[in-house]
Amino acid sequence: MKPIFFLFFIAFLFSCGKERSIKIKAINAATGEPYAGLEYRVASSRTAANGEKYRTEASGTLNANGEAFVTIKQKTGRTYSVRVVEPTNSCYNKQITQYFDSPFDQDGTFTFEFAECAYLKLQIHNVNCIDSNDEIKFRRLWLSTNESNNFVIQTGCFQFDGNYFSLPMGQYKYEWIVTKNGITTVHDSIFTLSANQYFDFAINY
């Protein structure tokens with residue numbers, strides 16, 4: 001009887017789990033300001049004979065500082081995830097679902113980054129075209145998160161009038177390199193987009 005009792009006792013301990021306290025926070029990726037009032041959810045899952053079983057362990061809204069402090073019973077054999085609902089008009093999120101014991105688990109702190117949309121129209125005009133050997137290389141960098149695109153190369157008497165497109169709010173930089181008549185010049189321009197702002201950016205070369 002003692003071995004059976006011991007096994008039941010061990011199973012009981014594992015079923016109770018250990019307490020785990022975590023911190024959840026959400027910030028604007030462009031400004032660093034907190035997001036208050038966003039909904040969060042901590043869930044667990046396990047693989048059962050009839051498929052994956054999910055359970056909500058905690059839920060609520062982030063406080064005025066864009067934070068929530070949660071304590072749950074973490075049990076073995078379960079996977080735990082943390083999720084924060086995006087703000088409206090969001091154009092950027094950094095890992096919308098994060099997991100316990102993943103690289104996003106920074107000593108029990110889970111940080112979510114969002115940014116609302118702005119709208120940009122790009123125009124590029126070769127206003128003093130020489131010939132088909134004219135060349136422009138251009139790219140856009142999102143300075144708020146150090147993200148950049150590859151250079152786009154166009155040649156000749158290039159003309160472009162784009163439409164508005166959405167992108168995350170924040171600080172941006174355009175870089176362009178122009179080669180005409182064998183002479184190369186380098187240019188750049190920095191500007192900041194606010195949430196819901198419409199902005200026209202023109203490159204005349």
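This is a predicted model: local features need pLDDT of at least 70, side-chain atom pairs count only at pLDDT 80 or more; totals for chains, interfaces and linings use all residues.

User: Okay, disulfides then. How many are there?
Analyst: Two disulfides, where a disulfide is a pair of cysteine sulfur atoms within 2.5 Å. Counting the bonded cysteines along the chain, they pair 1-2, 3-4.

User: Which strands hold Cys-91 and Cys-117?
Analyst: Cys-91 sits in strand E6 and Cys-117 in strand E8, so this pair ties together parts 26 residues apart in sequence. Strands here (E, at least two residues) are DSSP runs, like helices (H or I, at least four), numbered from the N terminus. The sulfur atoms of Cys-91 and Cys-117 are 1.9 Å apart.

User: Is that disulfide right-handed or left-handed, and why?
Analyst: The torsion about the S-S bond of Cys-91 and Cys-117 is about 95°, so the disulfide is right-handed.

User: And are those two cysteines buried or exposed?
Analyst: Cys-117 is buried, at 6% relative accessibility, while Cys-91 is partly exposed at 28% relative accessible area. The cut-offs are under 20% relative accessible area for buried, over 50% for exposed and in between for partly exposed, with a 1.4 Å probe and protein chains only.

User: What about Cys-129 and Cys-157?
Analyst: Those two form a disulfide with sulfur atoms 1.9 Å apart. The torsion about the S-S bond of Cys-129 and Cys-157 is about -75°, so that disulfide is left-handed. Cys-129 is in the loop between E8 and strand E9 (135-142), and Cys-157 is in the loop between strand E11 (152-155) and strand E12 (159-161), so the pair ties together parts 28 residues apart in sequence. Cys-129 counts as partly exposed, at 28% relative accessibility.

User: Switching topic: which residues have the most contacts inside the largest nonpolar core?
Analyst: Ile-124, Ile-136, Trp-176 and Phe-201, in a core of 22 residues. A nonpolar core is a set of buried Ala, Val, Leu, Ile, Met, Phe, Trp, Tyr and Cys residues joined through side-chain atoms within 4.5 Å.

User: Which element gives the most to this core?
Analyst: E8, with five residues. The elements giving two or more are E8, E9, strand E14 (170-180), strand E15 (183-193) and strand E16 (198-204). There's also a second, separate core of 19 residues, which includes Ile-22, Ile-24, Leu-62 and Phe-112.

User: What is Phe-201 in contact with?
Analyst: Leaving aside neighbours within four places in sequence, the contacts of Phe-201 include Leu-120, Leu-122, Tyr-174, Trp-176 and Phe-191. Contact means heavy atoms within 4.5 Å.

User: And where does Phe-160 lie?
Analyst: In strand E12. Phe-160 is partly exposed at 34% relative accessibility. Apart from neighbours within four places in sequence, Phe-160 is in contact with Leu-122, Gln-123, Ile-124 and His-125. The C-alpha atoms of Phe-160 and Leu-122 are separated by 7.9 Å, with the two residues 38 apart along the chain.

User: How about Asp-107?
Analyst: Asp-107 isn't a glycine either, and has a positive phi of about 55°. You'll find Asp-107 in the loop between E7 and strand E8 (109-125), exposed with a relative accessible area of 83%.

How values were computed. Residues are numbered from 1 along each chain as its sequence is written. Side-chain values use heavy atoms; hydrogens and water are left out.
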